[in-house]
Amino acid sequence: MAREIIHTDLAPAAIGAYSQAVKAGNTVYLSGQIPLDPATMTVVEGGFAAETHQVFKNLKAVCEAAGGDLNQIVKLNAYLTDLSNFATFNEVMAQYFSQPYPARAAVGVASLPKGVLVEAEAVLVLGE
């Protein structure tokens, strides 16, 4: 099966050896997004909620570059450096998704790139 690399300037450029997303068939695997402003490649300020909003804006941009939208995400994995922020993550996520929500995991981690507080990756299925 052929694969297609998805890239958009509306999301942060990869800061390592990976693509923003890879499409295989009608499935798109989105790399983890951290709260970088794509224009400046700097971490957004304002704390956990602001960082989470930027993560979803970045995921949205990659979904759209692939020809889809956030509501076509079937699986979302979230990584939080402090699980006490879990309720805030849920509140922000609900502003970007409609029910039924995707399957999801939320994992507490010791640290994330650039010292951010949150990262999320996803699997998108087009044509659903």
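These entries record what I looked up in a predicted model.

**Entry 1: the sheet.** I began with the strand order. The model has an open sheet of 6 strands, ordered S1-S2-S3-S8-S6-S7, and the pairing is mixed. I then looked at the edges: strand S1 (3–6) and strand S7 (103–108) each have a single partner strand, so one side of each has no neighbour in the sheet.

**Entry 2: S6 and S8.** Residues 73–80 (S6) and residues 118–125 (S8) run antiparallel to each other, with 7 bridges between the two strands. Within S8, Val118 is the residue that stands opposite Leu80.

**Entry 3: the helix on the sheet.** I turned to helix H1 (residues 48–65), which packs on the sheet and touches S1, S2 (21–24), S3 (27–33), S6 and S8. The direction of H1 makes about 150 degrees with that of S3.

**Entry 4: aromatic residues.** I found 3 aromatic pairs in the structure. Phe56 and Tyr96 are stacked, at 5.4 Å centre to centre with 25 degrees between the planes. Since Phe56 belongs to helix H1 and Tyr96 to the loop between helix H2 (86–94) and S7, this pair ties together parts 40 residues apart in sequence.

Phe56 also pairs with Phe97, here edge-to-face, at 5.7 Å centre to centre and 80 degrees between the planes. Phe97 lies in the loop between H2 and S7, so its pair with Phe56 of H1 links parts that are 41 residues apart in sequence.

**Entry 5: burial and cluster.** I checked accessibility last. Phe56 has 0% relative accessibility and therefore counts as buried; Phe97 is buried as well. I recorded one aromatic cluster formed by Phe56, Phe89, Tyr96 and Phe97.

Conventions: Residues numbered from 1 in each chain as written. Predicted model: local features only at pLDDT ≥ 70, side-chain atom pairs only at ≥ 80, totals over all residues. Heavy atoms only, no water. Pairing = 2+ DSSP bridges. Helix = DSSP H or I, 4+ residues; strand = E, 2+ residues; numbered from the N terminus. Contact = heavy atoms within 4.5 Å. Axes fitted to C-alpha atoms, helices over the stretch in contact; angles between N-to-C directions. Phe/Tyr/Trp six-rings, centres within 6.5 Å; stacked < 30°, edge-to-face > 60°. Buried < 20%, exposed > 50% of the residue type's maximum accessible area, 1.4 Å probe, protein only.
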